[in-house]
Amino acid sequence: MKEQIRKVIKEHGHLSVDPETLADDADLYQAGMTSHASVNVMIALEDAFDVEFLDSMLKRSVFESIDSIAAALTEVGVSA
Amino acid sequence: MSVATDADTALLDGVRRIADEVAAVHADEVDKEARFPAETIEALRAEGALSALVPQGLGGLEASLEAVARSCFELGRRCGAAGMVFAMHQIQVACMVDHRGEGAAWFDDFLRELVTKQRLVASITSEVGTGGDMGSSIAAVTENDAGEASFEKQAPTVSYGPYADAFLTTLRRSPDAEPGDQVAVLTRREQMEMVRQGTWDPLGMRGTCSPGFVAKATFAVDQVLPVPFSTVSAETMTPVSHILWSQVWLGIATDAFDRARAFTKAAAKRKPGEPPSGAVRLSELMAELSLLRAEVGLALREYCDLRRGDRARLSEMATILRFNNLKIAASEQAPKVCQQALGVCGIVGYKNDTPFSVGRHLRDAMSARLMVANERIHGTDASLILIAKDV
């Protein structure tokens, strides 16, 4: 799952570094992801994993790291 | 809505009196001369109203946000500029109260001082070169070896910058931080060098005295709010700004309506038995005002409910959209009401020196859509709508 998350972030996150070099718990916003890019990441994640995030999950903190994104995906039924 | 406490009643009684006896008296002169509403702010100081939101444990009034919102309405009704200065100050105080963290000695001391000395706090959030995006900064907090920090920021506007005692400034966390990795820093004027840039001669809200500045400061690292600015902004600064600004705009629009009604009444008295020609237009105006009042009132209740209840929801995109919608709706509806009031009053409303003048109201209300440009907010919302579910 984390490989696919990295792929989505690489395509849509517009980070200033390569997501491959980021630790799972690294802060994506500190790595240059803007609020606008984070929305594109969310949309691409819903598409890639064929899920819908709940409104309660759609907040900055849920998308701040690969770990937190993986936890959110698990919560909506994606299996590791 | 919570039951009004003694603190709320005391605040509102004082602010209403100041609005009627001080702000109303000087409003036209403040507007004409584009000067700071000094008498009104002094009266609010004497009333202790600048520390309305400070917790009682630090000596403040600890009034509710509802009472502060109502105060913004009352002041806006009599002098839009004074109402806006008061609103903006309360926004900065709310950010400190909400986000200073447990046992933050520096901020607790500052808030105590704010109570005893009635310090006026402004913000330095806009920055030359960011294209109006409050969520990104160029200037950064730079720490030196002595454990102190400094910044230099070029701000295109600093509302009541020449008159504030302290400033809440957004900055990048460090010189190597990304533009969106921001913090907020509170500095006293004594710690700063403020170099004014350019003039202040705008269309409306002239008394807010908001020229540009180059701001430099040297400060202790514990003057940085301990949470990321993105949290301060999402939970407090943005929604509270939209709520308190919209109360000021509602106040301005309400006074424009009152003047249109007074004009129509005077016309009716001159020709008893005949319905005055403007009466139907006045009724249409009332309907537009009631739309504005409904949205502004509902948004206040929803935000206060969220703060008291499920605070985690304040950061959700659906919530961000909700309070962005308030800003867009109120900032477009308020000038519409003022313009329709002008239509009712005609030339007597267009002239600046009659009891039915609404030119100041219209000009003040037209600033609303520029305070964080509606186009920018629409841009943000356009992307959030695509992902948020229940909006």
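This is a predicted model: local features need pLDDT of at least 70, side-chain atom pairs count only at pLDDT 80 or more; totals for chains, interfaces and linings use all residues.
The domain assignment divides chain B into three parts: domain 1 covers 6–120, domain 2 covers 122–223 and domain 3 covers 229–387. The centres of domain 1 of chain B and domain 2 of chain B, taken over C-alpha atoms, are separated by 21 Å. Contact between these two domains involves 20 residues of domain 1 of chain B and 21 residues of domain 2 of chain B. On the side of domain 1 of chain B that touches domain 2 of chain B, two or more residues are given by each of α1 (6–33), α4 (80–99) and α5 (105–117) of chain B. The largest share of this side comes from α4(B), with nine residues. By class, the side of domain 1 of chain B that touches domain 2 of chain B consists of 15 nonpolar, two polar and three charged residues.

Helix packing within chain B was examined for two pairs that share α6(B). Two packed helices are described by the angle between their axes and the distance between the axes. In the pair formed by helix α3 (residues 65–78) of chain B and helix α6 (residues 229–270) of chain B, the axes come within 7 Å and cross at roughly 35°. The crossing of α3(B) and α6(B) is right-handed. On the α3(B) side, the contact is made by B:Ala69, B:Cys72, B:Phe73, B:Glu74, B:Leu75, B:Gly76 and B:Arg77. Their counterparts in α6(B) are B:Ile243, B:Leu244, B:Gln247, B:Val248, B:Trp249, B:Leu250, B:Gly251, B:Ile252, B:Thr254 and B:Asp255. The residues of this contact of α3(B) with α6(B) comprise ten nonpolar, four polar and three charged.

In the second pair, α6(B) packs with helix α8 (residues 317–345) of chain B at an angle of about 15°, and the axes are 9 Å apart. Angles under 35 degrees count as roughly parallel, and α6(B) and α8(B) are therefore roughly parallel to each other. The crossing of α6(B) with α8(B) is left-handed. The contact of α6(B) with α8(B) contains 20 nonpolar, five polar and two charged residues.

Between the chains, 16 residues of chain A are in contact with 18 residues of chain B. The side of chain A that touches chain B has five nonpolar, eight polar and three charged residues. A helix pair also spans the two chains: helix α2 (residues 35–49) of chain A packs with helix α11 (residues 374–387) of chain B at an angle of about 20°, with the axes 9 Å apart. This angle makes α2(A) roughly parallel to α11(B). The crossing of α2(A) and α11(B) is left-handed. A:His36, A:Val39, A:Met42 and A:Ile43 in α2(A) are in contact with B:Ser383, B:Leu384, B:Leu386 and B:Ile387 in α11(B). The contact of α2(A) with α11(B) includes six nonpolar and two polar residues, and no charged residues.

Backbone torsions were considered next. Most residues other than glycine have a negative phi. A:Asp50, which is not a glycine, has a positive phi of about 55°. A:Asp50 is placed in the loop between α2 and α3 (66–75) of chain A, and A:Asp50 counts as exposed because it has 8 C-beta neighbours inside 10 Å. B:Val372, also a residue other than glycine, has a positive phi near 65°. B:Val372 lies in the loop between α10 (359–365) and α11 of chain B. With 22 other C-beta atoms within 10 Å, B:Val372 is buried.

From B:Glu66 to B:Asp13 the C-alpha to C-alpha distance is 14 Å, at a sequence separation of 53 residues. B:Glu42 is partly exposed, with 13 other C-beta atoms within 10 Å. B:Glu42 and B:Gln154 are 112 residues apart in sequence, and their C-alpha atoms are 29 Å apart in space.

Notes: Residues are numbered from 1 along each chain as its sequence is written. Chains are lettered from A and ligands numbered from 1 in the order in which they are written. Axes are lines fitted to C-alpha atoms, for helices over the stretch in contact, and angles run from 0 to 180 degrees between N-to-C directions. Helices (H or I, at least four residues) and strands (E, at least two) are DSSP runs, numbered from the N terminus. A crossing is left-handed if the near helix is turned anticlockwise from the far one by less than a right angle, and right-handed if clockwise. Two residues are in contact if their C-beta atoms, placed from the backbone, lie within 7 Å. Ala, Val, Leu, Ile, Met, Phe, Trp, Tyr, Cys and Pro count as nonpolar, Asp, Glu, Lys and Arg as charged, and the others, Gly among them, as polar. Angles under 35 degrees count as roughly parallel, over 145 as roughly antiparallel, 65 to 115 as roughly perpendicular and the rest as oblique. Domain bounds come from an automatic or database domain assignment. A residue is buried if 20 or more other C-beta atoms lie within 10 Å of its own, exposed if 12 or fewer, and partly exposed in between; C-beta atoms are placed from the backbone.
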